[in-house]
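Dear colleague,

I am passing on a structure that you have not worked with before.

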Amino acid sequence: MDDKKDLQKDLKLERKLNPLNVWALALGSIIGWGAFVMPGTTFLPKAGTLGTFIGMSVGALIMITIAMCYGYMIQKCPVAGGEYTFAANSFGKKHAYICGWFLSLSYLAIVPLNATALGLVSRKLLGGLLEVGYLYSVAGWDIYAGEIVLASLALIIFAALSIKGISVAGWVQTVMTLALVASVIVLVIATIMNTEAEFSNLSPAVPEGKSTFAAVISIVAVAPWAFVGFDSIPQAAEEFNFSPKKANGIMVIAILFGGFVYVALNTITASVMPWEEMLAKGYDWPTGEAVEIIMGKAGLVFLGIALICAVLSGIMGFYMATSRLLYSMARGKALPSWFAKIDEKHKTPKNAIIFVMIISLTAPWFGREVLGWIVDMSSIGAAIGYGYTCLSTLKTLRTNTQERKPVLKGLSVLGTAFSAVFVVLLVVPGMPSYLAFESRVCLVMWIVLGVLFYILSGNRQKGNGAGAV
């Protein structure tokens with residue numbers, strides 16, 4: 001037994017991720033199912049074409065401001081755990097626990113969200129081929145055995161790939177993300193060359209009866225969660241095979257590419273006919289309809305490739321981010337040591353990955369409506385993670401007085417303010433992103449569970465630090 005414990009102490013995560021792998025990890029986590037359906041459900045109805053472009057650009061700039069703080073803290077703490085580790089080093093174990101508790105659910109919820117999106121892909125592209133074996137309905141969402149099987153297979157396969165080693169996971173993630181970007185670029189080029197796509201169709205710039213400011217703000221309000229995923233980079237910091245100083249540029253490029261994909265898909269959707277007319281026709285999936293008009297069935301193939309790669313890269317990306325966060329929390333004694341066990345052969349946090357898989361496998365049985373409540377609620381975890389990172393940057397700069405970085409200090413203050421605004425958008429009634437009643441109930445339950453778990457794990461928490469370096 002002691003030999004096994006000694007062996008575990010010597011085992012470490014392997015440094016095998018190159019800059020392209022890390023960029024793919026971030027972008028693949030940023031872009032998911034929502035990018036392909038929000039043009040018809042959110043972007044055009046709320047902000048039009050110009051409003052979406054400006055709002056998403058402003059949102060990207062805000063996230064880049066916050067990313068500057070992440071880049072600085074990665075250089076100071078180039079280990080797994082990201083925001084949890086930053087909070088531990090700057091504010092101690094209690095703050096680290098609060099940050100890690102909320103962030104863990106934020107990451108964990110996105111894994112099954114992407115897996116269940118595969119059923120939606122079949123509904124959109126395959127005419128509901130997997131809508132077989134009707135079981136029951138939850139909150140108005142029909143549960144089919146065929147879709148559960150597909151989601152479960154994806155979760156199991158990607159868990160196995162994640163356990164196989166970070167180099168395998170990084171290679172798979174890179175291939176899928178490059179295919180996603182290439183497919184979107186093909187669609188953009190086809191739209192520019194197609195005679196059906198006219199610049200005049202992009203008018204009006206914002207919805208009738210809505211000010212430009214109101215349109216832009218409606219997109220800025222969702223941008224923080226549209227870009228969730230770039231923060232998976234610090235979770236992988238312990239597995240970089242390059243200098244942590246490069247993380248800054250990688251995050252910025254991933255955010256810019258993410259903004260490009262959102263805006264490109266929205267513009268493509270609006271280009272084939274006056275977009276208000278398109279929405280009035282009541283198409284089930286306006287983006288798919290627009291692409292079929294532009295390129296026919298071939299366009300749907302490219303769109304399908306992009307969509308499937310976005311969903312699968314999201315599963316892979318958040319498997320990595322969630323498991324590394326849980327691994328770091330266990331290493332800091334905020335979770336049982338079982339989560340910190342590293343596979344002897346593949347050098348990956350095998351138990352943490354298996355835990356994520358098991359929890360995710362239960363989600364498809366509840367349907368996407370219930371899962372949506374949890375995901376909406378867990379968005380607050382991302383805002384808390386942003387806030388702790390920016391505050392950690394500010395404190396570190398003030399502590400290390402020899403580091404004269406007035407611009408970064410200003411950005412950390414701005415980032416902290418933005419993070420606070422994101423929380424306000426979620427919890428204050430009347431705000432654009434105010435949580436639905438069901439999500440607020442889930443939030444209260446998660447807070448209560450967190451308090452109880454912290455009390456029950458008090459003896460373990462009395463250890464020194466929380467994964468600090």
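Here is what was found in it.

This is a predicted model, in which local features need pLDDT of at least 70 and side-chain atom pairs count only at pLDDT 80 or more, while totals for chains, interfaces and linings use all residues. Residues are numbered from 1 along each chain as its sequence is written, and side-chain values use heavy atoms, with hydrogens and water left out.

The mean pLDDT (the predictor's confidence in each residue, from 0 to 100) is 91, and 95% of the residues reach 70 or more. Over residues 464-469, however, the pLDDT is below 50, although this stretch has 15 contacts (heavy atoms within 4.5 Å) in the model beyond near neighbours in sequence. Where pLDDT is low, the predicted coordinates should not be read in detail.

Helices (H or I, at least four residues) and strands (E, at least two) are DSSP runs, numbered from the N terminus. Helix α16 spans residues 406-427, and its buried residues (under 20% relative accessible area, with a 1.4 Å probe and protein chains only) are Leu408, Ser412, Gly415, Ser419, Phe422, Leu425 and Leu426. They lie on the same side of α16, because they cover an arc of only 140 degrees around the axis (taken from the directions from the helix axis to the C-beta atoms). Their cover includes α3, α9 and α15.

Isoleucine 148, in helix α6 (residues 145-163), is buried as well, with a relative accessible area of 6%. Not counting residues up to four places away in sequence, isoleucine 148 touches Leu135, Ile143, Pro364 and Trp365.

Best regards

Key: Expected span 1.5 Å × (residues − 1). Buried < 20%, exposed > 50% of the residue type's maximum accessible area, 1.4 Å probe, protein only.
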